Amino acid sequence: MNTPKKMVLAIAAAAAAFLLYVVWPQPKLAEREVKPIVSSKQNDSASLKSAAETPKLNAIQKNLTAFRDTPTLRLARLYQNTTDKRKFFDLARQHPEDGGTYLAGIVVLECMMYSGPTNSNAREMQKWIDEVPSTDENKTEHIAAIKKIFEPCLGFDTAPVSVKEIRLKPRVGPETDPVIKVQLSLDEKYAPNGDLAGVSAVLGEAVNSGNPYAIDMALKLIGEATQNYNKFSNFVNGVELSPLDAKAFMEATKLVACQFGVDCSQNSMGLLLTCAQGPCNLDAYQLSQLLTSPEQYASTVRFHNLIVDALQNGNFDIIRLEKRTWKK
């Protein structure tokens, strides 16, 4: 079944462009009590070659007191646990200061792809279910995953939202949303005349915002920049990444935000889409381990633990980028 793969690619490709223009009004959700983590450089005694245990979901998050029960984290958890994304959409777009612009946009991408005059989430859900082979030994699990993907979106069938209506909503500056702010700031840093020395500061702003998806956005964009080896030199804990390390580092940047509140469980959208046609009952770490060699995953774990520990302690310079210079 290729439909889930198409949905994943479409969500990833459309997200950045869509979120730049979907912005919303901003009444307060609650008084915020996020304590900023003060940046302070740690000594560099930690080594990329040090032994590290396999990370477990939420093992470190419980120690991050700055992220407990804040409005932005509560909104993120509502998104992760809601059974009615149409209702959540209406709530989220009222709170851009807590990441609602970003989350409302994600919900639109997840739920409006099949909501229209000629299709619906209910119809598409049944289509996916019908495509599961009757001989599939994991049929029950695949169907359960498909239902978890589509059932929270059924409200968009009965109360549709048009793209035109979205664009006519009152606009506020995109910098109001911490996730969009991080995206725009890093785009500026990576521009031809941008200041790469400021990338670490943007990562610090993401952490201090208390928004797990702002941290996720910062790390993913930093990881993606690593792919452009000819243009950027990337340093982790003072050590320049080699081409062999780059893949493990990029994989680690996808996982670090799991420790700060991003849902990386088997019930997250990405893992549900995986389960709809492939292996089930995996969290993000287990899927990463499944898709890489033991050596590669061990390197991913080392980078992951170094970065999580550094961010937890305010060492945002753990990651540095420089323009690569080639000797003539």
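Three strands form an open sheet in the order S2-S1-S3, with antiparallel pairing; strands are DSSP runs of E of at least two residues, helices are runs of H or I of at least four, and both are numbered from the N terminus. Two strands count as paired if DSSP finds at least two bridges between them. The model is a predicted one, in which local features need pLDDT of at least 70 and side-chain atom pairs count only at pLDDT 80 or more, while totals for chains, interfaces and linings use all residues. Residues are numbered from 1 along each chain as its sequence is written, and side-chain values use heavy atoms, with hydrogens and water left out.

Strand S1 (residues 232–236) is joined to S3 by five bridges, and the two run antiparallel. Ser-233 has Glu-322 in S3 as its bridge partner. Asn-237, in the loop between S1 and S2, has a positive phi of about 55° although it is not a glycine. At 11% relative accessibility, Asn-237 counts as buried (under 20% relative accessible area; exposed is over 50% and partly exposed in between, with a 1.4 Å probe and protein chains only).

A positive phi, of about 60°, is also found at Asn-281, not a glycine, in the loop between H13 and H14. Asn-281 is partly exposed, at 47% relative accessibility.

In helix H14 (residues 284–291), the buried residues are Ala-284, Tyr-285, Leu-287 and Ser-288. They lie on the same side of H14, because they cover an arc of only 165° around the axis, taken from the directions from the helix axis to the C-beta atoms.
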